[in-house]
Amino acid sequence: MNTSVCRANALCEEFSDYVIYDNEFESILVNIPFEHFKTVHLELSKLGYMLVFKTQIKKTKSLTCTFIKEWVIKYIYGSI
């Protein structure tokens, strides 16, 4: 696992028990409580991740989010 994914994964694990990561495409799927979303989003954006999907689960008061490194999006879709 590369350093960027390790740092992002460690950050997400601080706020959630549910983190899935893909080392090849440097993407992260995480379920986080509402109150921690802003912190996680801000810190992951500092590491070069973009939020590409977010859905809320009202019953558990949490968000399921997918973050992907910016270079992957640029590689797949061209310039953003």
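I started with the charges: the protein has 9 positive and 9 negative ones, and their mean positions lie 11 Å apart. I counted Lys and Arg as positive and Asp and Glu as negative, leaving out His and the chain ends. Each charge was placed at NZ of Lys, CZ of Arg, CG of Asp or CD of Glu.

A note to myself on the source: this is a predicted model, where local features need pLDDT of at least 70, side-chain atom pairs count only at pLDDT 80 or more, and totals for chains, interfaces and linings use all residues. Residues are numbered from 1 along each chain as its sequence is written, and side-chain values use heavy atoms, with hydrogens and water left out.

Next I looked up the fold. I found 3 helices and 4 strands, and along the sequence they run α-β-β-α-β-β-α. Both kinds are DSSP runs numbered from the N terminus: helices are H or I with at least four residues, strands are E with at least two.

Then I checked the overall dimensions. The C-alpha atoms fill a box of roughly 35 × 25 × 20 Å along the principal axes. The radius of gyration is 12 Å, which agrees with the value near 12 Å for a compact globule of 80 residues. That radius is taken over C-alpha atoms, and the globule rule is 2.2 Å times the number of residues to the power 0.38.

The protein exposes about 5400 Å², with carbon and sulfur atoms supplying 55% of it; the areas come from the Shrake-Rupley method with a 1.4 Å probe. Of the 80 residues, 38% count as buried. Buried means under 20% relative accessible area, exposed over 50%, and partly exposed in between.

I also looked at contacts (heavy atoms within 4.5 Å). Among those with a separation of 6 or more, 41% are between residues 24 or more positions apart.

S27 sits in strand 2, which covers residues 27–33. S27 counts as buried because its relative accessibility is 17%. Leaving aside residues up to four places away in sequence, S27 touches I20, Y21, D22, F67 and I68.

Last, the cysteines. I found 0 disulfides, taking one as a pair of cysteine sulfur atoms within 2.5 Å. C6 is in none, and its nearest cysteine sulfur, that of C12, is 12 Å away. C12 is in none either; the nearest cysteine sulfur to it belongs to C65, 8.9 Å away. C6 is partly exposed at 35% relative accessible area, whereas C12 is buried at 0%.

Technical notes
Buried < 20%, exposed > 50% of the residue type's maximum accessible area, 1.4 Å probe, protein only.
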